[in-house]
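Thanks, everyone. Let me put the structure up.

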Amino acid sequence: MSQTEVQFNFPKEEEKILEFWREIDAFRTQHRLSEGKRSFSFYDGPPFATGLPHYGHLLAGTIKDIVTRYAILTGHYVERRFGWDCHGLPVEHEIDKTFNIKGKDDVLAMGIDKYNSECRSIVMRYSDAWRETVERIGRWIDFDNDYKTLNTTFMESVWWVFSQLYKKDQVYRGVRIMPFSTACTTPLSNFEAAQNYKDVNDPAIVVSFPLVNEPETLLLAWTTTPWTLPSNLALCAHPEYEYIKIKDTMSGRTYVLLEKCLNVLYKDPKKAKYTLVQRFFGKDMKGWEYIPLFDYFVSQFKGKGFIVLNDTYVTDDSGTGIVHQAPAFGEDDYRICLENKIITEDGFLPCPVDEQGRFTQEVADFAGIYVKEADKNIQKTLKQRDRLIIQSQLKHSYPFCWRLVTLIQKIYYWVPEAIKEKRFVNWITNARDWNVSRNRYWGTPIPLWVSDDYEEIVCIGSLAELEELSGCDKLTDIHRDKVDQITIPSKKGKGQLKRVEEVFDCWFESGSMPYAQCHYPFENKEKFESSFPADFIAEGLDQTRGWFYTLMVLSTHLFDKPAFKNLIVNGLVLASDGKKMSKRLKNYPEPMFIINAYGADALRLYLINSPVVRAEPLRFKEEGVKEVISKVFLPWYNAYRFFISQVTLLQKESGIEFLYNPLAKKSTNVMDKWILACSQSLIKFVREEMKAYRLYTVVPRLLSLIEQLTNWYVRFNRKRLKGENGLEDTINALNTLYEVLFTLCRSMAAFTPFLTEYMYQKLQKYIPPSNNNEDVRSVHFLSFPEVREEYFDLEIERIVSRMQAVIDMGRYIREKKNIGLKTPLKELIVIHSDSQYHSDILSLKNYIIEELNVKNLVVTSDEDKYSIKYRAEADWKVLGQKLKKDAVKIKEALPKLTSEQVKEFVQSGEITINGIKIFEEDLQVVRYFEDANSHYETNNNRDILILLDIQVYQDLQEEGYAREIVNRVQRLRKKAGLQPIDPILMYYKLTKDTENQFEKVLKSQSDFIVKILKRPLLPISEKPESGEIIIEEEQEINESTFILFFIKDW
């Protein structure tokens, strides 16, 4: 073993593995080897390449990589193509910033052709960085055969999708109140608007509306959007709510509002000074006419507008119970005004705001001012006109357009299952029609050619159809600058049909991805139809209303089925403080920094062994990634390294070259049988859980086997593996250790692809040569392990589990009393009533004695001999809920129960306390040992009780001292970089020996020291003059100091 393996650098070794994969073209080789097997279809949602990948991308990518790798390992063929979202606002926003483009006029002045050319030039800006990061994280996916939404083949399939919906009469042109980005000058879908809410301070004002027939009576309406008031056409009251008319004592004014909402006018309504004039219901107010705030639209709506309407959408939890209606800026406002015939679908709609969010000349007093900036001016005007009653501010959440802080006008099987049942179903249930058009330029043009009056509409479903109907030349690009000038002759004598200006919402494109990525139905028809719906997709929780929704909508309309069969939804990765990760705040470490510091495997395992795989948020902590190295990878690696060193030692000392024998006779050793049974249980469990896509149960189980292997099997079998029980037993132990390491490599390959590859490359040379011509150059070319039923052994698992419990309890006492394991203790007593338990523990007696370093183990059921007592305890929170008031009686009586009474309760399962019957599940029984003068320390659980003699005896103390000497030698060997097979001579030179301790121990424990170190530790005076000192170092044990010397002996 090389020096570099001793000081293992995970990131550096991963880079070597990457180079190895490139050399053997591992990804394509794996792909080729799986061809012809059962198909497992997978869709990869397309990210934008205009930004760098973040932890959310790496998390989703890791989940996708694990599931698709596992599918291949279990005998499937999986096409894994990367995709790019190339159109839409994220791209256009960058160009708008670069060229200071504010709106449509600027784009037309620049030319749509040049504008789109600039967009195209930046679309793949960070594609190389994406590829580098994705490959570095260990994800295998095809970048060379990727799909891009800007490709003509992709766009043509999008046209086909739309044409199918059009033929099914699922597309209509209509007026809808939509979120609108004033920065990007385009409407947004409701799910786009919902993606970027921010907390802002808005004005919160109460405005008066005097009645025409009773000008002294003022209707009060509350709003946080003063800029919508110039477009007011009506007020709305709830028909079933009771409203009040009051006369305010201080101002002398008469107001109408909900009684429940008086707190809008008065800080403390109970102390407010007013006179109640009248009560009435909202339905009584319907039709009341009021004096408009502004006269901008009075001429168009006089006689039908500026009245009180009724609707149940009005709430009583805020405001005044009277809502002002501006139908161009609110979906409910539009609906209510339409239902009451104040406006019509094809009539005039007051919307005095341009695409940049500035008032038009229709509102002369505020023309040219951005609407939010106009809020102050509007309030000032209302104050001057004596219409502003209350003026304050409110902090609330408001939709802002994605990637830019600019106001938006308010114009199958899931893992976890709860996300589907609650979040997604609720969204679908309340889903509105989807506005798929965008007033933009860089996107797939909507393929509708229309007459000027829209009475003749032609929907194009392919390039060939457009070429045929228009007579244009063969098309190779169908972006706006290439198709906008193409016209189609009218068949109804309406001249030339022209294409509508809009492009598709980019969500429509990504929702069309299953068909468009393979140019369906123009190519790959049979291939697509045989693999649709996808077996699996995965993305973040934020896609519930995004990609998951659009996939489902389009596939349902097209094929009346979902687009996917199985879905894993991951949660959001947050900064360590629980806030959103922010480049501006620098509140998280960059992904590549973490990968370069700890390795991709550590990051992968940290992410997928966290709440985020259950769709819960994860607070990302660098220490967590570091902990994966120290608590998982290093112990695992050390177990592997120990195997390699022992195989080398076997060859050196006996001349036997170890080869793994998968058909070896079943070992009779308990620990061999146990670890092999654990391995098979793991394989069976992983297969079952991965079938259900439950990664969050699989990873802990995988880590559990690593823990069992490193902290139990290797630790307990070091002597066997080193040859102390004879050659045959050593080979049996090595065969077992190899099988578990090999099983772990194959089981963990999808999860930690680098470390498993590293180990496999060293382990595969111990596999006997085969004649089946399989490509075994990489662990990722092998299959996932099959379950070997003959290894299952529930009895062995029970026995070892009981042994582990005893050892863990003994370790706890040593730690509690600060007694190191190198200090031998005299006696351990295990108390349990079951004879089978006694038999189980005694069968592994030697392991317990050695691990806890005790001289004697007693297993008994005789509690009286050791004065064991009983007491009962309760979980008062649980018992309180069950017994209510009676719980107090139990709480008072429980401490008074005698040990005998509690013991009887254990045997019978019930007890009556103060007249209340209590059962087994209500109380926890604790057995304890109480003797102030005893040298026994106790520990117990609900099953067993142990007593450990913690008194230190002289003879045992010397043995402990000897163990410390051995420990110092072994530590110095490691420091010197020596391997177990490197022969050395060992000498010491005393510098201080308190009470002659050191010399005494060397004599009394010489056999013990030689047994472990293989050679004696001699005084430096016996060193030959020619001996070459490799290393020397001063040591200290129990206030004795000495210098330890190693002399080369090869």
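Start at I829. Its bridge partner in β29 is V858. Keep in mind that this is a predicted model.

Now step back to the strands. β28 covers residues 825–831. β28 and β29 run parallel as a pair, joined over six bridges.

How many strands form the open sheet? Four, and the order is β29-β28-β35-β34. The pairing is mixed. Which strands sit at the edges? They are β29, residues 854–860, and β34, residues 936–940. Each of these edge strands pairs on one side only. From one strand to the next, the twist averages 20°.

A helix joins the picture here. Helix α31, residues 835–843, packs on the sheet. It touches β28 and β29. Compare directions: α31 makes about 165° with β29.

Find it in helix α14, which spans residues 371–384. Is D375 buried or exposed? Its relative accessibility is 3%. The cut-off for buried is under 20%, so D375 counts as buried.

What does D375 touch, leaving aside its neighbours within four places in sequence? The contacts are P203, T225, P226 and W227. Look at W227 in particular. Its backbone nitrogen lies 3.0 Å from a polar atom of the D375 side chain.

To recap. At the second, D375 is buried and touches residues including W227. That's it from me.

Note on methods:
Residues numbered from 1 in each chain as written. Predicted model: local features only at pLDDT ≥ 70, side-chain atom pairs only at ≥ 80, totals over all residues. Heavy atoms only, no water. Pairing = 2+ DSSP bridges. Helix = DSSP H or I, 4+ residues; strand = E, 2+ residues; numbered from the N terminus. Axes fitted to C-alpha atoms, helices over the stretch in contact; angles between N-to-C directions. Contact = heavy atoms within 4.5 Å. Buried < 20%, exposed > 50% of the residue type's maximum accessible area, 1.4 Å probe, protein only. Polar contact = N/O pair within 3.5 Å; in protein donor to acceptor, adjacent residues only side chain to side chain.
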